[in-house]
Amino acid sequence: MLNSMRDTPADQAELRGDCEQCFGLCCVALPFARSADFAVDKPAGKPCANLREDHRCGIHARLRQQGFTGCTVYDCFGAGQKVSQITFGGRDWRTGPPEHARRMFEVFPVVRQLHELLWYLTEAAQLPAARPIHQDLREALEKTERLTLQTPAELRTLDVGAHRQEVNALLLKASDLARAGFRGRRKDRRGADLVGARLKGADLRGISLRGAYLIAADLTGADLRNTDLIGADLRDTDLADADLTDALFLTQPQLNAAKGNAGTKVPNSLTRPVHWDA
């Protein structure tokens, strides 16, 4: 869990969901619709039928087999424990009046967005090439962390979109600096439609794939070092034997949504998805 006594997280390891310290907020606060990712419909604010009284998932080991693949690719970036233990002081949503639960469910998505920004900013602040803007990145980190520690009332009225725009401007600068050594390859494929694209063995170093649609694309054996992948849709993307060692702004949910194998190289800050070895 993030240390509330520190202004900024020490590293990205602290920005991971800790279900032991959370009240199952992602299983209650968020809605989902029957689809390839979820076996049933569930409105926001209603507990998932698989959520037990101890806030644990009753089918956690069988989520994919039971049709809940969407749950296996989700990560709150540590927002669940922050809201449960700090914002609401360890008070369960099951206790107290309905208003208490409603406030908690409204705040959780806000803090989740802020924690995602903390993940990106923490990575950017550790990039040697981004040294010229390290001070700006540290200030943005401190500001974002302070925002996560606001009261429920303040968080509910926070303009997260405006803050994301501020942070995104810095992340773009960090990306440009990190990819500057790959002159001639720094193509901007931001938001590109690469659904099902055949990019087997492609040298994509230094290219921006921010927000690109890579659903079911073939990236087997591709070189994605120093490739900007922030917001890229990697659902069912084949990353077998691909090298993502120094990929920029890659997150655990993106990896979890993709396909890989023992030969896929992932950043040290991320964990190889269990289903890759299934």
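**Exercise 1. How many of the 28 residues of H3 are buried?**

Solution. The model is a predicted one, in which local features need pLDDT of at least 70 and side-chain atom pairs count only at pLDDT 80 or more, while totals for chains, interfaces and linings use all residues. Residues are numbered from 1 along each chain as its sequence is written, and side-chain values use heavy atoms, with hydrogens and water left out.

Step 1: Helices (H or I, at least four residues) and strands (E, at least two) are DSSP runs numbered from the N terminus, and a residue is buried under 20% relative accessible area, exposed over 50% and partly exposed in between, with a 1.4 Å probe and protein chains only.

Step 2: apply them. In H3, 21 of the 28 residues are buried, so the helix is largely enclosed by the rest of the structure.

Step 3: look at Pro109, which has its place in helix H3. Pro109 counts as partly exposed, at 28% relative accessibility, and its C-alpha is 8.0 Å from that of Leu30, although 79 residues separate Pro109 and Leu30 in sequence.

**Exercise 2. Compare the reach of H3 with its expected span.**

Solution. The expected span of a helix is 1.5 Å times one less than its number of residues. For the 28 residues of H3 this gives the expected 40 Å, and the helix reaches 41 Å from its first C-alpha to its last, which is close to that value.

**Exercise 3. Which residues do ring pairs link into a cluster, and which charged end sits over the ring of Phe32?**

Solution. Step 1: the cluster consists of Phe32, Phe38 and Phe68, linked by ring pairs.

Step 1: a charge sits over a ring if NZ of Lys or CZ of Arg is within 6 Å of the ring centre and within 35 degrees of the ring normal. The charged end of Lys42 sits over the ring of Phe32, at 5.6 Å from the ring centre.

**Exercise 4. Describe the lining of the second largest pocket.**

Solution. Step 1: on a 1 Å grid over the protein atoms alone, a cavity is a set of points where a 1.4 Å probe fits but cannot get out, whereas a pocket is an open set with protein on both sides within 12 Å along at least five of seven lines, and lining residues have an atom within 4 Å of a point.

Step 1: the second largest pocket holds about 400 Å³ of space. It is lined by 19 residues, of which Glu123, Leu127, Thr245, Asp246 and Ala247 are the closest to its centre.

Step 2: the lining divides into ten nonpolar, six polar and three charged residues.

**Exercise 5. Where do His55 and Asn226 lie, and are they buried or exposed?**

Solution. Step 1: His55, which is not a glycine, has a positive phi of about 70°, and its place is in the segment before helix H1 (69-72). With a relative accessible area of 11%, His55 is buried.

Step 1: Asn226, also a residue other than glycine, has a positive phi near 60° and is found in the loop between H6 and H7. Its relative accessible area is 18%, and Asn226 is buried.

Methods
Rings of Phe, Tyr and Trp (its six-membered ring) pair if their centres lie within 6.5 Å; planes under 30 degrees apart count as stacked, over 60 as edge-to-face and the rest as tilted. Grid points are joined across faces, edges and corners, and a volume is the space filled by probe spheres set on the points. Ala, Val, Leu, Ile, Met, Phe, Trp, Tyr, Cys and Pro count as nonpolar, Asp, Glu, Lys and Arg as charged, and the others, Gly among them, as polar.
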